[in-house]
Amino acid sequence: ALDDAKKKYRGVYAPLENIKCISYSILPYKEGCKKEHELFALLMRSYQARALQYSFFAQRSAPKWSLPGINSSSVKPLPVKSVGIIGAGTMGSGIAISLLTSKYRVIMLEVKKEFLERGMKHIHSTLERYVKRGRLSIQQAKACSGLIKPTLSYNDLSDVDFVIEAVFENLDIKKKVFEKLVQHCKSDAILCSNTSYLDIDKIASVVPSPDKVMGMHFFAPADIMKLVECIKGSKTSPKTIATVMHLSKSIKKMPVLVGNCDGFVANRMLSPYVREAIFLIEEGSLPAQVDNTLYDFGMAMGPLRVGDLSGLDIGYKDRIGKGLIGPNAPKFENPLFRKGQRYSVLPDIIHDMGRLGQKTGSGWYKYQGGKAVVDPLVTDTIEKYRSKFGFNARQITDMFLKNSGILVDANLSEITERCLLSAVNEGFKLLEEGIACKPSDIDVIWQFGFGFPRHKGGPMFYANNMVGLKNAYEKIEYYWTKNRDCPYWKPSNLLRQLAVNNADISEYRKFLPVPSRL
């Protein structure tokens with residue numbers, strides 16, 4: 001039982017200690033009760049108890065959005081009975097499944113018949129799998145199948161209440177889709193874009209009613225992952241916000257309202273987290289060491305495995321869009337320094353080897369029977385890369401610096417420290433800029449989007465309660481001093497103010513330089 005609990009509740013103390021309590025049943029009654037009470041009192045004082053209590057309330061607070069003068073209680077959502085999905089790829093079909101299992105009528109549009117057939121096949125096979133696993137009955141699966149209409153014509157979207165565009169992550173393509181939606185959808189339809197990082201205002205600029213446009217960042221696989229970042233544009237109306245947030249909740253998702261910027265909250269924080277992972281590999285670590293260290297910390301999956309799962313082509317296309325690589329990128333004198341900051345060519349090399357991640361059978365790892373396996377070819381590529389670009393590999397610790405215990409857990413390895421604190425610093429900048437509403441929203445995004453352990457609260461909670469804001473600020477200042485070519489290490493002014501004033505993160509509003517951009 002103890003071994004099973006360790007696997008099921010990885011890193012969580014309470015279930016293991018509860019099982020230990022059973023062994024006290026062989027003791028005299030009073031002695032057993034005393035030991036149980038002592039253990040209960042210890043667990044109640046533990047950092048995990050505080051983190052789990054915090055997570056409980058943070059998750060219930062996130063969908064309750066608030067803007068100056070209005071909030072989720074004062075604005076009623078528009079009724080939605082039918083939803084149009086543009087794009088029948090992995091993301092579009094995943095979103096469709098979530099809608100169908102929540103009894104929405106769905107019209108799924110594609111530009112080519114073979115793409116549409118492939119998407120419908122994926123939807124039906126997923127529903128069949130749900131039946132086998134007991135998630136749906138045969139009758140429920142049939143009812144879901146009866147709610148979707150595949151189409152190649154925009155004319156079939158004329159009566160839908162809500163549209164979610166899920167085409168390629170390309171601004172020009174998305175703009176063209178929205179121009180067509182305006183021509184064929186009714187004037188009061190809500191138009192949303194499923195995007196990971198594109199500017200919602202630029203997408204909304206091509207429609208006559210930008211107040212009805214919003215971003216909905218679903219996470220892959222969309223029918224399983226709970227998080228939806230709901231991105232408010234500069235002209236998005238409260239009614240649109242209320243409708244998008246309500247629809248997200250109705251399909252059993254965790255909606256979090258965020259502002260509009262490159263990468264929004266999730267991917268903007270993920271960027272330094274992943275970049276530090278790559279730089280650690282350049283400097284001497286290996287993908288499995290980085291991933292295993294962060295997994296042992298409590299993350300559901302390490303950053304390199306996450307990249308393989310999502311697809312390494314996504315980041316590659318993003319780098320093309322930013323002019324860092326590709327035919328339109330300038331010729332950089334130093335390939336390891338682009339557009340004013342440190343750059344790693346290693347992910348581009350892995351991509352150009354045709355290793356796009358799990359979907360192609362290889363990425364940072366090779367995949368055998370769905371399992372990630374260390375690939376000697378990747379290790380050899382990394383070693384040749386270091387030799388070519390002059391990196392002298394050093395030993396990088398993947399061990400916690402001190403033993404952690406039930407009451408305290410704040411001693412990080414270099415790998416965990418660099419990945420986590422770089423993301424934390426970006427989180428404070430998002431609060432400072434008004435992109436994130438509150439620290440707990442950031443933590444909910446990390447819990448549901450990236451598998452941050454609930455029993456450690458989230459990156460912001462962990463920095464405040466486990467590391468300490470003053471200590472976190474000093475460490476970030478140290479890395480900034482050492483890495484002036486990594487702008488994300490420049491300490492957040494909000495974090496600095498909190499640290500200097502020995503303030504708790506709950507007091508962050510006192511030190512905000514600008515009003516919220518939400």
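Me: In this predicted model, what makes Tyr-488 and Trp-489 a tilted pair?
Reply: The ring centres of Tyr-488 and Trp-489 are 6.0 Å apart and the planes make an angle of 45°. Centres within 6.5 Å count as a pair, planes under 30 degrees apart as stacked and planes over 60 as edge-to-face, so 45° falls to the remaining class, tilted.

Me: Are Tyr-488 and Trp-489 buried or exposed?
Reply: Both residues are buried.

Me: Why is the pair of Trp-446 and Phe-452 called edge-to-face?
Reply: The planes of Trp-446 and Phe-452 stand at 80°, with 6.5 Å centre to centre. Edge-to-face asks for over 60 degrees, therefore 80° qualifies. A search of the whole structure gives 14 aromatic pairs.

Me: How do you know whether Trp-446 is buried or exposed?
Reply: Its relative accessibility is 0%. Buried means under 20%, so Trp-446 is buried. Phe-452, at 2%, is buried by the same cut-off.

Me: What makes Arg-135 count as lying over the face of Tyr-130?
Reply: Arg-135 is 4.0 Å from the ring centre of Tyr-130. The distance limit is 6 Å, and the charge must also be within 35 degrees of the ring normal. Lys-322 likewise lies over the face of Tyr-197, at 5.1 Å from the ring centre.

Me: Why is helix 4 called roughly perpendicular to helix 18?
Reply: Helix 4 (residues 47-61) and helix 18 (residues 439-450) pack at about 100°, with axes 9 Å apart. Angles of 65 to 115 degrees count as roughly perpendicular, so the pair takes that name.

Me: Which residues meet where helix 4 packs on helix 18?
Reply: From helix 4 come Tyr-54, Ser-55, Ala-58 and Gln-59. They meet Pro-439, Ser-440, Asp-443, Val-444, Gln-447 and Phe-448 of helix 18. By class, this contact has 5 nonpolar, 4 polar and 1 charged residues.

Me: How do you know whether His-351 is buried or exposed?
Reply: The relative accessible area of His-351 is 14%. That is under the 20% limit, so His-351 is buried.

Me: Where is His-351 found, and which residues is it in contact with?
Reply: His-351 belongs to helix 15 (residues 346-352). Leaving aside neighbours within four places in sequence, His-351 is in contact with Leu-312, Asp-313, Tyr-316 and Leu-356.

Methods: Residues numbered from 1 in each chain as written. Predicted model: local features only at pLDDT ≥ 70, side-chain atom pairs only at ≥ 80, totals over all residues. Heavy atoms only, no water. Buried < 20%, exposed > 50% of the residue type's maximum accessible area, 1.4 Å probe, protein only. Axes fitted to C-alpha atoms, helices over the stretch in contact; angles between N-to-C directions. Helix = DSSP H or I, 4+ residues; strand = E, 2+ residues; numbered from the N terminus. Parallel < 35°, antiparallel > 145°, perpendicular 65-115°, else oblique. Contact = heavy atoms within 4.5 Å. Nonpolar A, V, L, I, M, F, W, Y, C, P; charged D, E, K, R; others polar.
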